[in-house]
Each structure stands twice: as structure tokens, then as C-alpha cells.
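Please keep the sequence and the structure in view while reading.

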Amino acid sequence: LRAMGKPFSMGRAHDVFVSWLPLYHDMGLIGAWLGSLYFGMELVLMSPFRFLVRPERWLWAIHDYKGTLSASPNFGYELCRTRIKDQSLTGLDLSSWRVAANGAEAVLASTAAGFSKHFGPYGLNPGTMRPVYGLAENSVGLAFPQSEREPLVHRIDREVFSRTGEATEAPLDSADPLEFMVCGQPLPGHEIRVVDDAGRELEECREGNIEFRGPSSTQGYYRNPQATKALFHDDWLRT
């Protein structure tokens with residue numbers, strides 16, 4: 001919790017976390033619930049079903065409670081972008097929202113850019129969207145953006161990548177590039193590396209397997225030493 005809070009400066013005066021995430025999922029349980037408890041923030045918690053039926057309720061909760069932080073998988077932002085009618089947003093003010101963490105599933109560049117553009121007229125700052133990467137084996141978070149800027153996107157040559165596993169920049173006139181969202185840097189005290197199938201660390205911009213280590217990482221599976229042994233590569237954890 002402490003490591004996740006640093007990149008987002010959680011616990012500022014008047015911080016309010018607004019969440020519809022279910023508490024049986026670690027993004028909601030650890031990120032929203034325990035994060036608010038640890039940093040002494042007000043938490044506005046709503047039912048996931050209320051959000052799914054009418055996604056605008058999430059945005060209006062941020063408006064009503066001057067929410068500063070919230071989080072969702074990519075599909076939640078996509079629902080807001082595509083399913084909410086404009087007449088449901090009259091008077092909406094999202095200018096208090098400074099961190100919109102987007103993770104728990106693949107983060108799509110089209111969603112991140114589309115959400116920011118769609119809700120910009122309602123006061124949403126372009127730097128609010130924060131693509132993040134994590135997993136339960138590291139107590140949710142592993143890599144977060146370190147600054148309040150618009151999300152970065154790597155446009156990769158699809159043909160070269162699919163053929164060689166090397167990420168090379170796509171030409172500006174490329175009709176069908178691969179787009180990868182930049183999810184920031186490892187949390188303080190944590191490390192990430194990419195290795196080949198033999199466990200050898202790869203150079204930058206090569207496709208491989210993600211491994212990590214750090215103080216938030218799991219010690220293994222409960223009462224399952226065989227599965228725990230397979231999880232570790234020396235002191236690195238296989239993802």
C-alpha cells in the first residue's frame with residue numbers, strides 16, 4: 001500500500017476515493033478499500049451492479065463527492081465512453097479527478113484516448129488517465145506511471161513483431177500498428193525483467209516472459225510446496 005501510494009501521492013488533503021469495484025477482487029479490496037484505510041482517505045463505495053446498469057452513476061459520484069482517485073479495468077472506461085448518453089451528463093464536473101487508474105486487464109490505447117477526449121469537456125484533465133500493471137502475486141500493484149502526464153503509447157510494427165518478437169517503431173504512415181500502453185515504472189523497491197524461455201534476461205524491446213521481485217511479492221501458494229517451487233526462478237517470480 002505504501003509503495004502504491006507514492007507514485008499517485010495518495011493521502012493528500014481532501015483526497016476522496018470513489019469506487020464501484022467489488023471487494024472480492026483485489027483491485028477493490030486492497031487498492032480502494034485498504035488503500036483508503038491506510039492513507040486515511042474518505043472512501044465512497046457503490047455497488048458494482050449500480051455502475052453496470054447505469055455507468056454514469058460512477059461519474060456522478062465523483063462529481064457529488066469531489067472524488068480525486070478512482071480505478072477500473074479498461075472495460076469500465078469503455079462503458080462510460082460508449083454507453084452513456086450526453087443528456088445524462090448535463091452539469092457534470094470531473095475537474096476534481098486527478099488519478100484514474102486503468103488496469104486489471106489489457107489497457108487499450110483507443111479506450112484511454114477516447115475516454116479522455118470524450119470527458120475533457122466535463123473538466124477531465126488529460127493527465128488523469130493512468131495505465132497500471134500489477135497482479136495478485138505482488139499485492140495488486142507492480143508498475144505505475146510516475147508523473148501527471150497524458151498516457152504514452154508505443155506504436156510497434158506489427159509484421160516485424162509477429163515475425164521476430166522485436167518491438168520496432170512503426171512508420172508514421174502505418175495503417176495497422178500494434179499499440180502498447182506504457183504502464184510506468186516498477187513501484188519503489190521492486191524490479192521487473194523480461195526473460196526468454198530458458199530464463200535468460202533479454203535486451204530492451206524484445207518479447208519474452210515477465211519476472212519480478214520485491215518486498216510486496218508472495219511467498220508462495222498456501223500448503224502447496226510443489227506449486228510454490230514452480231513459481232520461482234531463483235529469487236524472481238514467474239508471471
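## An aspartate in a loop, a sheet and a pocket

In this predicted model, Asp196 has a relative accessible area of 18% and is therefore buried, since that class covers values under 20%. Asp196 belongs to the loop that connects β11 and β12. Its side chain makes polar contacts with two backbone nitrogens, as listed below.

| Side chain | Backbone nitrogen | Distance |
|---|---|---|
| Asp196 | Ala198 | 3.0 Å |
| Asp196 | Arg200 | 2.8 Å |

When residues up to four places away in sequence are set aside, Asp196 touches Leu202 and Asn209.

Strand β12 (residues 209-213) is joined to β14 (residues 236-238) by 2 bridges, and the two run antiparallel. Phe212 has Leu237 in β14 as its bridge partner.

A further feature is the second largest pocket, which holds about 350 Å³ of space. It is lined by 26 residues, of which Met4, Met27, Val132, Val140 and Phe144 are the closest to its centre. The lining comprises 18 nonpolar, 7 polar and 1 charged residues. At least two lining residues come from each of α2 (26-39), β3 (69-72), β4 (99-102), β6 (133-135) and β7 (140-144). The greatest contribution is that of α2, with 5 residues.

Conventions:
Residues numbered from 1 in each chain as written. Predicted model: local features only at pLDDT ≥ 70, side-chain atom pairs only at ≥ 80, totals over all residues. Heavy atoms only, no water. 1 Å grid on protein atoms, 1.4 Å probe; cavity = no way out; pocket = protein on both sides within 12 Å on 5 of 7 lines; lining within 4 Å. Points joined across faces, edges and corners; volume = space filled by probe spheres on them. Helix = DSSP H or I, 4+ residues; strand = E, 2+ residues; numbered from the N terminus. Nonpolar A, V, L, I, M, F, W, Y, C, P; charged D, E, K, R; others polar. Pairing = 2+ DSSP bridges. Buried < 20%, exposed > 50% of the residue type's maximum accessible area, 1.4 Å probe, protein only. Polar contact = N/O pair within 3.5 Å; in protein donor to acceptor, adjacent residues only side chain to side chain. Contact = heavy atoms within 4.5 Å.
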